Amino acid sequence: SFNEHECVTTLIGRAIPVTASLAIGAMILWLIVGIALGVIAARLRGRSADTASTIFVLIGTSLPTFLTGLMLLVFVVIKWKIIPFPSGNYTSLFENPLEWAQILLLPWITLAFASAALYTRFVRNAVIETLSEDFIRTARAKGLSEKVILRKHTLRAALAPIATMAGLDFAALLGGAILTEKVFNLPGLGRLSLSAVVEYDLPIIVGATLLSAAIVIVMNLIVDILYAFIDPRVRAAA
């Protein structure tokens, strides 16, 4: 590094645990919320729950990430004082799990809010489309309960495209959540890359770019493998 006078791999090695913790927690949160709300909205299409999910999708997709993070800081931390102000000094999960979760809670919510809205809309449409397929009508004709049809047939078919979305979104986050890390002052890969661009630290820029490209390639491979487990039709075609 021209400015830090350290090996690029050392700098990236310090930043990766922060970004990985941020990406994993946010992905778990947005998958749980997005899939749950999407399935509920599809099952209760046209009712109040579906309308509420639509409002959530509109708000989530309209608010930029940095604005969501700033609003959480202003209200949750400064005004209501629900949790202490994040210091930006990252604490490892293995050192202090409670402090680790406390530092990353608001960044998780910030990243998950917009993604959960997108996944809610996508899952709703996918479930509605799958419920109209012939194999779902056949399962109902056999006398299977709606819970079994939803769990074993509908979700397995509808969630296959979600695996691709989740894999690519996760890869993008591992490449650095620049705005979120900047708002919450987290020493992750995104903030490291942003500082390198501002200061024109070319070795860090090259290292971060190569790492991001490698992460995308690996996640694409993992998604392709997961497809065979999620959707039996892929195994049959192979």
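Lys-147 counts as exposed in this predicted model, at 68% relative accessibility. Lys-147 is found in helix α6. Between the C-alpha atoms of Lys-147 and Ser-53 there are 21 Å, and 94 residues separate the two along the chain. Helix α6 also holds Thr-154, a buried residue with a relative accessible area of 0%.

**Overall architecture**

- The protein chain has eleven helices and zero strands.
- Taken along the principal axes, the C-alpha atoms of the protein chain fill a box of roughly 70 × 50 × 30 Å.
- The protein chain has 238 residues, and buried residues make up 40% of them.
- Of the contacts between residues at least 6 apart in sequence, 73% join residues at least 24 apart.

**Nonpolar cores**

- In soluble globular proteins, nonpolar side chains tend to be buried together.
- The largest nonpolar core has 47 residues.
- Leu-22, Trp-30, Leu-106, Val-127, Leu-173 and Leu-186 touch the most other members of this core.
- Two or more residues of this core come from each of α1 (8-43), α3 (65-79), α4, α5 (134-141), α6 (146-158), α7 and α10 (202-230).
- Helix α4 gives the largest share of this core, 15 residues.
- Another core, of nine residues, lies apart from it; its members include Val-8, Leu-11, Leu-192 and Ala-208.

**Contacts of Val-127 and Thr-154**

- With residues up to four places away in sequence not counted, Val-127 touches Val-39, Ala-42, Thr-154 and Ala-158.
- Val-127 is also one of the residues that touch the most other members of the largest nonpolar core.
- Thr-154 counts as buried because its relative accessible area is 0%, and buried means under 20%.

**Arg-124**

- Arg-124 lies in helix α4.
- The side chains of Arg-124 and Asn-125 are joined by a polar contact of 3.4 Å.
- Once neighbours within four places in sequence are set aside, Arg-124 is in contact with Gly-38, Ala-41, Ala-42, Arg-45 and Asp-50.
- Ala-42 is therefore a residue within 4.5 Å, by heavy atoms, of Arg-124, and Val-127 touches Ala-42 too.

**The largest pocket**

- The volume of the largest pocket is about 250 Å³.
- Lining this pocket are 16 residues, of which Thr-65, Leu-111, Ala-114, Ser-115 and Leu-173 are the closest to its centre.
- Leu-173 is also among the residues that touch the most other members of the largest nonpolar core.
- Helices α4 (97-131), α7 (160-174) and α8 (178-183) each supply at least two residues of the pocket lining.
- The largest share of the lining, five residues, comes from α4.
- By class, the lining has ten nonpolar residues, five polar and one charged.

**Positive phi angles**

- Most residues other than glycine have a negative phi.
- His-5 is not a glycine, yet has a positive phi of about 55°.
- The position of His-5 is in the segment before α1.
- His-5 is exposed, with a relative accessible area of 66%.
- Tyr-200, also a residue other than glycine, has a positive phi near 55°.
- Tyr-200 is found in the loop between α9 (189-198) and α10.
- The relative accessibility of Tyr-200 is 60%, so Tyr-200 counts as exposed, the cut-off being over 50%.

**Leu-210 in α10**

- Leu-210 has its place in helix α10.
- Leu-210 counts as exposed because its relative accessibility is 58%, and exposed means over 50%.
- Leu-210 and Asn-220 are ten residues apart along the chain, and their C-alpha atoms are separated by 16 Å.

How values were computed: Residues numbered from 1 in each chain as written. Predicted model: local features only at pLDDT ≥ 70, side-chain atom pairs only at ≥ 80, totals over all residues. Heavy atoms only, no water. 1 Å grid on protein atoms, 1.4 Å probe; cavity = no way out; pocket = protein on both sides within 12 Å on 5 of 7 lines; lining within 4 Å. Points joined across faces, edges and corners; volume = space filled by probe spheres on them. Helix = DSSP H or I, 4+ residues; strand = E, 2+ residues; numbered from the N terminus. Nonpolar A, V, L, I, M, F, W, Y, C, P; charged D, E, K, R; others polar. Core = buried A, V, L, I, M, F, W, Y, C linked by side-chain atoms within 4.5 Å. Buried < 20%, exposed > 50% of the residue type's maximum accessible area, 1.4 Å probe, protein only. Polar contact = N/O pair within 3.5 Å; in protein donor to acceptor, adjacent residues only side chain to side chain.
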